[in-house]
Amino acid sequence: MSKAPSARTREIVAQRADRGGWPVCERCGTHRGANLHHRRPRQMSGSTDPATNLPSNLLLLCGSGTTGCHGWIELHRAVGYQHGWLLRSWQVPIDTPVRIHDRGLVVLDDIGGMTPTLPLGGVA
Ligand SMILES: [Zn+2]
């Protein structure tokens, strides 16, 4: 059982984040995307849901676990859940919208695409 995203998956996410020749952070759009973030965290147990390491569950973010957008989300988890950057264990990544810096609220698929969705209500 693979515990990390495959090379192909990393490539798909990097292409999805590409703006003008290099991958930018999918949250801020400003800094280089450096770090793959799991929207729905890996489970502590050894058995991993295959969806965990698919593109729809991954975001390319700037920073690391403690810096940049990656660190920011870890420090602001309530806001993370609100924007789909973090998911609860029962949420399905491919069905749950996420806010991307220049696309608004979208649904990610597992082949690098994103589909716009209507806001569920007054998101500032
Ligand atoms: Zn960022």
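A donor here is an N, O or S atom within 2.8 Å of the metal (3.2 Å for Na, K and Ca), and water is not among the atoms, so sites may look incomplete. With that in hand, the zinc ion is held by Cys 25, Cys 28, Cys 62 and Cys 69, each through SG, at 2.2 to 2.3 Å. This is a predicted model, where local features need pLDDT of at least 70, side-chain atom pairs count only at pLDDT 80 or more, and totals for chains, interfaces and linings use all residues. Residues are numbered from 1 along each chain as its sequence is written, and side-chain values use heavy atoms, with hydrogens and water left out.

**Zinc site**
- Along the chain, the donors follow the spacing C-x2-C-x33-C-x6-C.
- Cys 25 sits in the loop between α1 (7-17) and β1 (35-38), while Cys 62, 37 residues apart from it, sits in the loop between β2 (58-61) and α2 (68-75); helices (H or I, at least four residues) and strands (E, at least two) are DSSP runs, numbered from the N terminus.
- Both Cys 25 and Cys 62 are buried, meaning under 20% relative accessible area with a 1.4 Å probe, protein chains only.

**Around His 70**
- His 70 is part of helix α2.
- Its relative accessible area is 9%, so His 70 counts as buried.
- Contact means heavy atoms within 4.5 Å, and the residues His 70 touches include Asn 35, His 37, Leu 61 and Cys 62, leaving aside residues up to four places away in sequence.

Note on methods
Buried means under 20% relative accessible area, exposed over 50%, partly exposed in between (1.4 Å probe, protein chains only).
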